[in-house]
Amino acid sequence: MHAWQIIYLVAVIALAAFVLIRSPQGTAGKVLTFMLNWLAPYISITIAFVAIFQQGFLPAIPFFALAGFCFITFLKRSTNASVE
C-alpha cells in the first residue's frame, strides 16, 4: 500500500470519528455529512479499483470497507437529521 493511500484512510477515519463524536451543527455539519456520505465513498471505491489493478485485491479491502461504512452510517445520519 502506498503512503498516500494510508494518509487518505487515516484522514477519512479521523474526519468520520470527529463527526460521529462531536456532531457538528449548521452549515459545517451539512458539509461534513455531505463529504462523508457522497465524496468519501466514491473516492474510496475509485481508489479500491485502482488498487485492485495495480496492487492486487488485499490493499483494496480497507477502501471498500471504508466506503461501505461511510455510505451506510452517514446516509442514515443525514436522513435522520432532516426529520427533526
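This section describes the fold, the core and selected side-chain contacts of a predicted model.

The protein chain contains three helices and zero strands. From the N terminus on, the order of elements is α-α-α. Helix 1 spans residues 3-22. Helix 2 covers residues 26-55, and helix 3 covers residues 61-81. Along the principal axes, the C-alpha atoms fill a box of roughly 45 × 20 × 15 Å. The accessible surface is about 5400 Å². Carbon and sulfur atoms hold 74% of that surface. The chain has 84 residues, of which 29% count as buried. Among contacts with a separation of 6 or more, 66% join residues 24 or more positions apart.

Confidence was examined by chain and by element. The mean pLDDT of the chain is 87. A value of 70 or more is reached by 90% of the residues. Helix 1 has the highest confidence, at a mean of 93. Helix 3 has the lowest, at 83. Where pLDDT is low, the predicted coordinates should not be read in detail.

The largest nonpolar core comprises 16 residues. Tyr-8, Val-12, Leu-36 and Cys-70 touch the most other members. Each of helix 1, helix 2 and helix 3 supplies at least two residues of this core. Helix 2 gives the largest share, with six residues. Beyond its neighbours within four places in sequence, Leu-36 contacts Val-12, Leu-15, Ala-16 and Val-19, as well as Pro-41, Cys-70, Phe-71 and Phe-74. Two of these partners, Val-12 and Cys-70, are themselves among the core residues that touch the most other members.

Two polar residues are also buried. Gln-5 lies in helix 1. Its relative accessibility is 2%, so Gln-5 counts as buried. The side chain of Gln-5 makes a polar contact with the side chain of Gln-55, at 3.4 Å. Residues up to four places away in sequence aside, Gln-5 touches Ile-47, Ala-51, Gln-55 and Phe-63. Ser-44 lies in helix 2. Ser-44 is buried, with a relative accessible area of 1%. With residues up to four places away in sequence again left out, Ser-44 touches Tyr-8, Phe-63, Leu-66 and Ala-67.

The loop between helix 1 and helix 2 contains Ser-23. Ser-23 is not a glycine, yet its phi is positive, at about 50°. Ser-23 is partly exposed, with a relative accessible area of 27%.

The structure holds four aromatic pairs. Trp-38 and Tyr-42 form a stacked pair, with 6.2 Å centre to centre and 15° between the planes. Trp-38 and Tyr-42 are separated by about one helical turn, because they are four residues apart in helix 2. Trp-38 counts as partly exposed, at 32% relative accessibility. Tyr-42 is also partly exposed, with a relative accessible area of 48%. A further pair, Phe-49 and Phe-64, is edge-to-face, with 5.5 Å centre to centre and 80° between the planes. Phe-49 lies in helix 2 and Phe-64 in helix 3, so this pair ties together parts that are 15 residues apart in sequence. Phe-49 counts as partly exposed, at 43% relative accessibility. Phe-64 is partly exposed, with a relative accessible area of 28%. Ring pairs also link Trp-38, Tyr-42 and Phe-71 into a cluster. Phe-71 is one of the residues in contact with Leu-36.

Terms used. Residues numbered from 1 in each chain as written. Heavy atoms only, no water. Buried < 20%, exposed > 50% of the residue type's maximum accessible area, 1.4 Å probe, protein only. Polar contact = N/O pair within 3.5 Å; in protein donor to acceptor, adjacent residues only side chain to side chain. Contact = heavy atoms within 4.5 Å. Areas by Shrake-Rupley, 256 points an atom, 1.4 Å probe, with all protein chains shown as cover. pLDDT = per-residue confidence, 0-100. Core = buried A, V, L, I, M, F, W, Y, C linked by side-chain atoms within 4.5 Å. Phe/Tyr/Trp six-rings, centres within 6.5 Å; stacked < 30°, edge-to-face > 60°.
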